[in-house]
Amino acid sequence: MTRFLVRRLLSAALTLFAVSVLSFLMFFALPRDPVTGMCPKNCNPERLERVRQELGLNDPLISQYAGYMKGIVTGRDLGSAQGGRCDAPCLGWSYVSNEAVSDTIARVLPVTLSIVIPAAILWLLLGVGLGMLSALRRGSWLDRAAIGFSLTGASLQLYFVGAVLLIVFVYNLRLLPVPSYTSLFDDPLKWTSGLVLAWLALAFLFSAIYARLSRAQMLETLSEDFVRTARAKGLAKSQVYGRHALRAAITPVVTIAGLDVGGALGGTVITETTFGLNGMGRTAVDAVRSGDLPTIMATVLIAAVFVVLANVVVDLLYAVIDPRVRLG
């Protein structure tokens, strides 16, 4: 198990290194000059050159990359043009908001985490539970209702579902306040009421996908020889379904869940826009629109970290569910 874990962590580290290099090169590939974005329109060439020198943009590319990565680990001195000392993890200085990018991320990341993690718990419990029950009650009213639920969820879009929830529960019935973010540690009740519509919208759409997948996998597993053998041995239904069938059927669901959660943490752009929440997704979009290159680099790198970590977790869960994976 230790060798398996080490291999996966090394693979994750190499992936993140490649993403960091590509995102750093993207900074130079974009046509916009960060120095002209920082200086007023009346900046003369001499002043532009001084600022460029202070930013280190005249240094060799490899030196700039080494300084950027060192800043993430130990912090670095950005110079007076960028606010002075930047403590680790230093992700650069925003030329648009005129603040450290790490401060921006620290402000918006809790919003995205507060949206995605509770929603993921809801859609996994609802989707997998409904799919498994539907497979065990094949042909029943529950099965038909689950199929209808899945088809409905797969046919709708988040911005439509979100708009309907806002109209019904916020503006018509007035049961909930306008969505907003409050720290869980400051006021748990306000945190819940401000984000519950975003959770419900994501949970409804994603659980429809998981219900269909779980149902199909469970039906396929129930027809396998090892399940029929377990039944022939006289094992209780709870053992046949829970210990044998569910364990085999859940593997593809784990894969999809890891990718969905990792991708959602990287930036729930539509969700945040629909409900007026300022998280990682909207921050990334705003940075692209304004040409805020350091913030673009930071959001890309953080999104990659979430996706890679999600895949590492999936690999570890695979090893727990199916020990044969450890030998691969």
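This note sets out several points on the structure above, for a reader who is new to it.

1. Basis of the note. The structure is a predicted model, in which local features need pLDDT of at least 70, side-chain atom pairs count only at pLDDT 80 or more, and totals for chains, interfaces and linings use all residues. Residues are numbered from 1 along each chain as its sequence is written, and side-chain values use heavy atoms, with hydrogens and water left out.

2. Record annotation. The unreviewed UniProt entry lists residues 9-30, 111-133, 145-171, 191-211 and 296-321 under "transmembrane region". Positions from UniProt are given in the numbering used here, feature names are shortened, and annotations may be inferred rather than shown by experiment. In the model, residues 111-133 are 100% helix and 0% strand, with end C-alpha atoms 33 Å apart. Residues 145-171 are 93% helix and 0% strand, and their end C-alpha atoms lie 29 Å apart. Helices here are DSSP runs (H or I, at least four residues), strands likewise (E, at least two), numbered from the N terminus.

3. Helix α7. This helix covers residues 158-172, and its 15 residues should span 21 Å at 1.5 Å a residue; the end C-alpha atoms are 20 Å apart, which agrees. The expected span is 1.5 Å times one less than the number of residues. A bend of about 25° occurs in α7 at L166, taken as the angle between axes fitted to the seven residues ending there and the seven starting there. After α7 comes R174, with a positive phi near 55°.

4. Packing of α7. L158, V161, G162, L165, L166 and V170 are the buried residues of α7; buried means under 20% relative accessible area, exposed over 50%, and partly exposed in between (1.4 Å probe, protein chains only). These buried residues pack against α8 (188-222) and α11.

5. Residue N278. The loop between α11 (269-275) and α12 (280-290) holds N278. N278 counts as partly exposed because its relative accessibility is 41%. Beyond its neighbours within four places in sequence, N278 is in contact with V108, V111 and T283, where contact means heavy atoms within 4.5 Å. R107 is 171 residues from N278 along the chain, yet their C-alpha atoms are separated by 9.1 Å.

6. Residue I302. Helix α13 (residues 293-321) contains I302, which counts as buried because its relative accessibility is 14%. Residues up to four places away in sequence aside, I302 touches L91, I105 and M280.
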